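Work through the exercises below with the sequence and the 3D view open. Try each task before you read its solution.

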Amino acid sequence: MIDLSTNYLGLKLKNPVVVSASPLTEKLENFARLEEAGASAIVMYSLMEEQIEAESENIDNALESGANSYAESTSYFPDLQKYHVGPDRYLELLHKGKNSVGIPVMGSLNGRSPGGWVRYAELMEQAGADALELNIFDIPTDTSLTSEDLETRYCNLVRAVRKSIRIPIAVKLGPYFTSCANFARRLSEAGADGVVIFNRFYQPDFDLEELEVTPNLILSSPHELRLRLHWAAILYHQVETYIAITGGVHDSSDVLKCMMAGAHVAMMTSALLKYGIEHIGVVLAGMETWMNEHEYISIRQMRGSMSLVNIENPAAFLRGNYLKMLGSYAWREPGTALRSF
Ligand SMILES: Cc1cc2nc3c(=O)[nH]c(=O)nc-3n(C[C@H](O)[C@H](O)[C@H](O)COP(=O)(O)O)c2cc1C
């Protein structure tokens, strides 16, 4: 009997396949479907800082106007109710979703600046979230902002959330930090129990005819997993933190690679949007088959086996790999013989 169980953020999970934040959790019925398909935990789609701030601004405006005229204030009430729909509906769905399944459900709070929106961490805990994923997504365009300032801002945000809740916190972040390993350690010291690596950087496209910048979400490709494997393998055992990989996990071999790199869980969205929720079952079956064939009896046995601290040739993750990679490329000019560099 193969033991696929793992531990993530102190939560005991039956396997390492977790559903990452996505529109799949916008429908209550999908929570049970994801559990049935075999998911070991679910991260809800994100509640955005902008949504929360917009709501409180609308409430403030409504209350201010209401103070000026009673007749007007009564007519504001329907609108006030409507403005509640965003964050309130989120918390309601989180509560109902959590109650509809037996696996852990995590809330996701998404923002970048210090502010009142952070109180929603507490509301998510009260709604029943087993953990919180804090997605800090910032695009620092201010040329006077240093990387130190930015990292400190992230850590302060984590500290503020840590103070307000008792459930575990995972921080989902992008890969573009000058010193990723050090930053992961700082996040851990600030109170994060885990890191979710990495946010995809959704670059907009240019429409040459309309001369507009257009949003254009493309689902991930398995190729994107390599960046995540690389950093999980570096963080493993070097930083005291739980590690989740998100980005490019499409099949059973991807999940196995994540485990060997040192991740505690592998998260999936694109593959589920592409192949359907039942794809989770295919992934789990594929993992068991591979583990049987290669005589692994548990995930614990393989975790971190290909990490920087465990691999025979650590240079594979360092500059040596860079040189080797470049040197290994064999180029053939179209129509000519193979040339190697
Ligand atoms: C349509 C769509 C919506 C998403 N919504 C969220 C979200 O609300 N919050 C979040 O943190 N990530 C969100 N993500 C990112 C995913 O959680 C995941 O990190 C990313 O897609 C990479 O994983 P994948 O390769 O398995 O797709 C979304 C992704 C997609 C494709």
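**Exercise 1. Find which residues around the ligand come nearest.**

Before going on, note the ground rules. This is a predicted model, where local features need pLDDT of at least 70 and side-chain atom pairs count only at pLDDT 80 or more, while totals for chains, interfaces and linings use all residues. Residues are numbered from 1 along each chain as its sequence is written, and side-chain values use heavy atoms, with hydrogens and water left out.

Next, sort the shell by class. It has nine nonpolar, nine polar and two charged residues. Here Ala, Val, Leu, Ile, Met, Phe, Trp, Tyr, Cys and Pro count as nonpolar, Asp, Glu, Lys and Arg as charged, and the others, Gly among them, as polar.

Last, look at the elements, which are DSSP runs numbered from the N terminus (helices: H or I, at least four residues; strands: E, at least two). Strand S4 (41-48), strand S12 (265-268) and helix H9 (270-275) each supply at least two shell residues.

**Exercise 2. Find the polar atoms that lie 2.5 Å, 2.7 Å and 3.3 Å from an oxygen atom of the ligand.**

Solution. Search for pairs of N or O atoms within 3.5 Å. At 2.5 Å is a polar side-chain atom of Ser 220. At 2.7 Å is one from the side chain of Thr 246. At 3.3 Å is a polar backbone atom of Gly 247.

**Exercise 3. Say where the ligand sits.**

Solution. The ligand sits in the largest pocket; that is, more than half of its atoms lie within 2 Å of the pocket's grid points. A pocket is an open set of points on a 1 Å grid over the protein atoms alone, with protein on both sides within 12 Å along at least five of seven lines; lining residues have an atom within 4 Å of a point. This pocket holds about 690 Å³ of space. Of its 34 lining residues, Ala 21, Asn 135, Lys 172, Asn 199 and Tyr 202 are closest to the centre.

**Exercise 4. Describe the lining of the largest cavity by class.**

Solution. A cavity is a set of grid points where a 1.4 Å probe fits but cannot get out. One cavity of 30 Å³ or more is present. The lining of the largest cavity has nine nonpolar, no polar and no charged residues. Helix H6 (180-190) gives the most, three residues.

Key
Near = heavy atom within 4 Å. Polar contact = N/O pair within 3.5 Å; in protein donor to acceptor, adjacent residues only side chain to side chain. Points joined across faces, edges and corners; volume = space filled by probe spheres on them.
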